[in-house]
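Visitor: I would like a close look at how side chains pair up in this protein, with the cut-offs spelled out as we go. Could you walk me through it?

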Amino acid sequence: MGFTIYQMDVKSTFLYGTIEEQVYVHQPPGFVDPAHPNKVYKVIKALYGLHQAPRAWYETLSSFLMENSFRRGTIDKTLFIKKKKSDIMLVQVYVDDIIFGSTKKSMCTEFEDCMHKRFQMSSMGELTFFLGLQVKQQPDEIFISQDKYVADILKKFVFCSIRIATTPIESNKPLVKDEDGVDVDVHVYRSMIDSLMYLTASRPDIMFAVCAYARFQVTPKASHLNAVKRIFRYLKHQPKLGLL
């Protein structure tokens, strides 16, 4: 739609939410009231660590946005839409990270001013990095990649010096349970699969291979582990692919 996407971050996010349930906490060490040492505090504002805190913050933010002419998405409840004549503005919320864009630059400026008046915000300019995704915006295209994340997981599993592979999966080896194979550390195998699953957000080229070997997480064998290692070898060969 031809608009630039911007990012902002809310400071002390959960402290803006108001708890509707009755929640009590002990007096914190060093701040005990000497006149009432056995009493507890009733929580009014949300605290970090409470299960109710994210919901309380979301209700506070969504109410504020809807008071300012936004409407909540029908399917995605964390997407907010504002229309003004032929122009449109989109705001996407992920806990304390907010990304937004509009067909009219002045609507973005108005939104930033409005948010700064109500919350303590950090404006981070154009979107370049979001939830592990690297975002490169050009006038006529957006490129999304995770090559920094690829480097991180190669280092995590000590695969920086392994030989490369040109494909993520061998086409002439069938996927079988291999019940007679040697058992491997199930936690390491699952951790590798989890890391690769997150990478499929921008790498559809490994989607089939990752999902295929994710089926063997209950009793992984050495053959399955070697196959997963091949995906990492392929990533070392092609670390910078992404979505254009």
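How many salt bridges does a search of the whole structure find?

Guide: Happy to. This is a predicted model, where local features need pLDDT of at least 70 and side-chain atom pairs count only at pLDDT 80 or more, while totals for chains, interfaces and linings use all residues. Residues are numbered from 1 along each chain as its sequence is written, and side-chain values use heavy atoms, with hydrogens and water left out.

The search of the whole structure finds eight salt bridges, a salt bridge being a side-chain nitrogen of Lys or Arg within 4 Å of a carboxyl oxygen of Asp or Glu. Let us begin with one of them, in which the side chains of Glu 21 and Arg 55 meet at 2.6 Å, N to O. Glu 21 sits in the loop between S1 and strand S2 (24-25) and Arg 55 in helix H1, so the pair ties together parts 34 residues apart in sequence. Helices (H or I, at least four residues) and strands (E, at least two) are DSSP runs numbered from the N terminus. Glu 21 is partly exposed at a relative accessible area of 34%, and Arg 55 is partly exposed too, at 46%. For these labels, buried means under 20%, exposed over 50% and partly exposed in between, with a 1.4 Å probe and protein chains only.

A second salt bridge joins Lys 240 to Asp 147, whose closest N and O atoms are 3.8 Å apart. Lys 240 belongs to the loop between helix H6 (222-237) and strand S12 (242-243), while Asp 147 is in helix H3 (residues 147-156), so this pair ties together parts 93 residues apart in sequence. Lys 240 counts as exposed at 58% relative accessibility, whereas Asp 147 is buried at 18%.

Glu 170 is partly exposed at 31%, and Lys 173 counts as exposed at 54%. Salt bridges that share partners join Glu 170, Lys 173 and Arg 230 into one network.

Back to H1, the helix that holds Arg 55. The 15 residues of H1 (residues 53-67) should span 21 Å at 1.5 Å a residue, and the end C-alpha atoms are 21 Å apart, which agrees; the expected span is 1.5 Å times one less than the number of residues. Among the buried residues of H1 are Trp 57, Tyr 58, Leu 61, Phe 64 and Leu 65. The buried residues of this helix pack against strand S1 (5-10), strand S4 (71-72), strand S5 (79-84), S6, S7 and helix H2 (105-118). Just after H1, Ser 69 takes a positive phi of about 75°.

Strand S1 is also where Gln 7 lies. Gln 7 counts as buried at 6% relative accessibility. Leaving aside neighbours within four places in sequence, Gln 7 is in contact (heavy atoms within 4.5 Å) with residues including Asp 97, Phe 100, Ser 122, Gly 125 and Phe 130.

Now for the rings. Rings of Phe, Tyr and Trp (its six-membered ring) pair if their centres lie within 6.5 Å; planes under 30 degrees apart count as stacked, over 60 as edge-to-face and the rest as tilted. The count comes to eleven aromatic pairs. In one of them, the rings of Tyr 58 and Phe 80 have centres 6.4 Å apart and planes at 45°, so the pair is tilted. It links Tyr 58 in helix H1 with Phe 80 in strand S5, 22 residues apart. Tyr 58 counts as buried at 19%, and Phe 80 counts as buried at 0%.

Tyr 149 and Tyr 198 form an edge-to-face pair, 5.3 Å centre to centre with 75° between the planes. Tyr 149 lies in helix H3 and Tyr 198 in helix H4 (residues 186-199), so the pair ties together parts 49 residues apart in sequence. Tyr 149 counts as buried at 19%, while Tyr 198 is partly exposed at 38%. Elsewhere, ring pairs link Tyr 6, Phe 70, Phe 100 and Phe 111 into a cluster.
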